[in-house]
Amino acid sequence: MSDDAHGQPIGRPQPEARVRLRNVRDSDLPVFFAYEQDPEATRRSRFTPRPRDRFMTHWTTRILGDPTVLVRTVDVDDAPAGSIVAWWEQTAATGENRRFIGYWLGRPYWGGGIGTKALALFLREERIRPLHADPFAENTASVRLLERHGFRRVGTLQHGDDAHTLLVLDEVPDQERPA
């Protein structure tokens, strides 16, 4: 594999790649920032990338600084491939608190099964149910990934002009329940 402008590997990881989750390190944040700036990733997610200072503030205060947030680095062969986060969000319409999950993988890690492996690992650790996700509706790969892990479609949310599919995972799948 070669490197991109940010020193990250380009090309799909090999099927035998070792995928694990670990605690986020300070050195992961510049990598996550670079992944968030990828124009194709932002197009697919309909997420507006933040300037570096806003990105770092968000991560250090709202993610790493919030004890109710569960966040892990997706590590592939000892390199940060992205992140998975679960957080509480209050719905505007009802005031209900819902647990949401989100993830972001760098483009070099798309399409090689990394997301599938990482989400399975994360769902073993994040035990709160129901668990919600709201990917951009046209991001069919992300919607399919969540559905393969037991999430079901329950509606649509609007984020600005964009429709997002609201999915929910109601219970821990049988194969992940403690014996």
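Predicted model: local features only at pLDDT ≥ 70, side-chain atom pairs only at ≥ 80, totals over all residues.
Colleague: In which sense do strand 6 and strand 7 pair, and over how many bridges?
Modeller: Parallel, over two bridges: strand 6 is residues 97-105 and strand 7 is residues 131-133. Strands pair here if DSSP finds at least two bridges between them. Strands (E, at least two residues) and helices (H or I, at least four) are DSSP runs, numbered from the N terminus.

Colleague: What is the bridge partner of phenylalanine 100?
Modeller: Histidine 132, in strand 7.

Colleague: What packs there?
Modeller: Helix 5 (residues 140-148) packs on the sheet and touches strands 6, 7, 8 and 9. Its direction makes about 10 degrees with that of strand 9 (162-169). Contact means heavy atoms within 4.5 Å. Axes are lines fitted to C-alpha atoms, for helices over the stretch in contact; angles run from 0 to 180 degrees between N-to-C directions.

Colleague: What is the strand order of the sheet?
Modeller: 3-4-5-6-7-9-8, an open sheet of seven strands with mixed pairing. Strand 3 (19-22) and strand 8 (152-159) each have a single partner strand, so one side of each lacks a neighbour in the sheet.

Colleague: New topic. Is aspartate 75 buried or exposed?
Modeller: Buried, because its relative accessibility is 0%. Buried means under 20% relative accessible area, exposed over 50%, partly exposed in between (1.4 Å probe, protein chains only).

Colleague: Which residues does aspartate 75 touch?
Modeller: Arg18, Val19, Arg20 and Arg22, leaving aside residues up to four places away in sequence.

Key
Residues numbered from 1 in each chain as written. Heavy atoms only, no water.
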